[in-house]
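Here are my notebook entries on this model, written down as I looked things up. Have the viewer open alongside them.

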Amino acid sequence: MARLRSTAPSERAAELARLDAACRDLGFFQAVNHGAGDKAKAMLDVAARFFALPFEERARHMSPDIRAPVRYGTSFNQLNDGVLCWRDFLKLLCNPARLDDVVPSWPNNPSDLREVMSAYARANQGLFRELMEAALEAMGITGEGVLEELGCGTQMMMVNCFPACPEPELTLGMPPHSDYGFLTLLLQDQVNGLEVCQGDDDWLLVDPLPGALIINVGDHFEIFSNGRYKSVLHRVRVNSTQLRISVASLHSLPPERVIGPAPELLANGTPRWYMDTDLTTFLDYLASAEGKHKTFLQSRRITT
């Protein structure tokens, strides 16, 4: 991030090229020197303390509704999944334009949860905007309008706890899936578990750099880039000895905003490879899909 913020044109240009290549070729990268280290550490700490609370306290926030703005539970969809994932989660809707309005609905135990998690959410939003501005510049897209919309868009934090599992070979922390939004910024502790699909059931274990955030392209960004950037399947493995905490922050445009390929990328007769979509379309699809191998992105591709 220090190179992206550099005032030396050549240094910034070189880092923009690296960012562009990572989004285009891999769909994943790690961001270091982002400046949110203290808030990230506090976020992991309060998350661990929340999941250590008695089940009855955590269960106060359970809901079968995947659209609920605050939701504690297990798996993608507690009603429809045939096999539950080996994880607990706390989902918090924290849209940047309405964050102060929604924080009072968040859990108030631990007592500092709202303060710590809202501070991290704000820092995460700032970093997301910085990365989006750089990615749009790398693609040659005039991004002021999109960035303004993203400032009024959606941000969801999925706070995950993957307990130690006595038989880890029999389950997954999360099944293979891609993320719906533009970018996901993942904070995790130093326990490995995230794996990225390299094709043909070949999975790469991500070894997190100390203090890094792991960033991945979401379905909406692949559609917006008309396939230039890749939203890649990933999953979470569990282990028999260590609990793992992670916080995935998913960012996108306002839920009513229809998303399609950027007009600049369809100039000169370039074919469109994706149908338009919006958040409601994704949520409807997610509610009806099985609990693994989510194929929403494939459902939006134009194949002829």
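Which residue in strand 10 does E195 stand opposite? I looked it up, and E195 faces R235 there.

**Entry: ground rules**

I note that this is a predicted model, where local features need pLDDT of at least 70, side-chain atom pairs count only at pLDDT 80 or more, and totals for chains, interfaces and linings use all residues. I number residues from 1 along each chain as its sequence is written, and side-chain values use heavy atoms, with hydrogens and water left out.

My helices (H or I, at least four residues) and strands (E, at least two) are DSSP runs, numbered from the N terminus.

**Entry: the sheet**

I followed strand 7 (residues 194–197) and strand 10 (residues 234–236), which pair in the antiparallel sense over three bridges. For the record, two strands pair if DSSP finds at least two bridges between them. I then traced the open sheet: it has four strands in the order 5-10-7-8, with antiparallel pairing. Strand 5 (174–177) and strand 8 (203–205) each have a single partner strand, so one side of each of these edge strands is left without a neighbour in the sheet. From one strand to the next, the twist averages 20 degrees.

In the loop between strand 7 and strand 8 I found D201. D201 is not a glycine, yet its phi is positive, about 60 degrees. A reminder to myself: most residues other than glycine have a negative phi, and most peptide bonds are trans.

**Entry: helix 5 and its ends**

Helix 5 (residues 113–139) has 27 residues. I get 38 Å from its first C-alpha to its last, close to the 39 Å expected at 1.5 Å a residue; the expected span is 1.5 Å times one less than the number of residues.

The peptide bond joining N109 and P110 is cis, with omega about 0 degrees. After helix 5 comes G140, with a positive phi near 80 degrees.

I took axes as lines fitted to C-alpha atoms, for helices over the stretch in contact, with angles from 0 to 180 degrees between N-to-C directions. Angles under 35 degrees count as roughly parallel, over 145 as roughly antiparallel, 65 to 115 as roughly perpendicular and the rest as oblique. Contact means heavy atoms within 4.5 Å.

I began with helix 1 (residues 9–26), which packs on helix 5 at about 90 degrees, with the axes 9 Å apart. Helix 1 and helix 5 are therefore roughly perpendicular. R12, L16, L19 and D20 of helix 1 touch L131, A134, A135, E137, A138 and M139 of helix 5.

Next, helix 2 (residues 37–51) packs on helix 5 at about 140 degrees, axes 9 Å apart, and the pair is therefore oblique. The contact includes M43, V46 and F50 of helix 2 and M117 and Y120 of helix 5. I count twelve nonpolar, no polar and one charged residues in this contact. In this scheme Ala, Val, Leu, Ile, Met, Phe, Trp, Tyr, Cys and Pro are nonpolar, Asp, Glu, Lys and Arg charged, and the others, Gly among them, polar.

Last, helix 6 (residues 144–151) meets helix 5 at about 160 degrees, with axes 10 Å apart. Helix 5 and helix 6 are therefore roughly antiparallel. Among the residues in contact are F128 and M132 of helix 5 and L147 and L150 of helix 6. The classes in the contact of helix 5 with helix 6 are six nonpolar, two polar and three charged.
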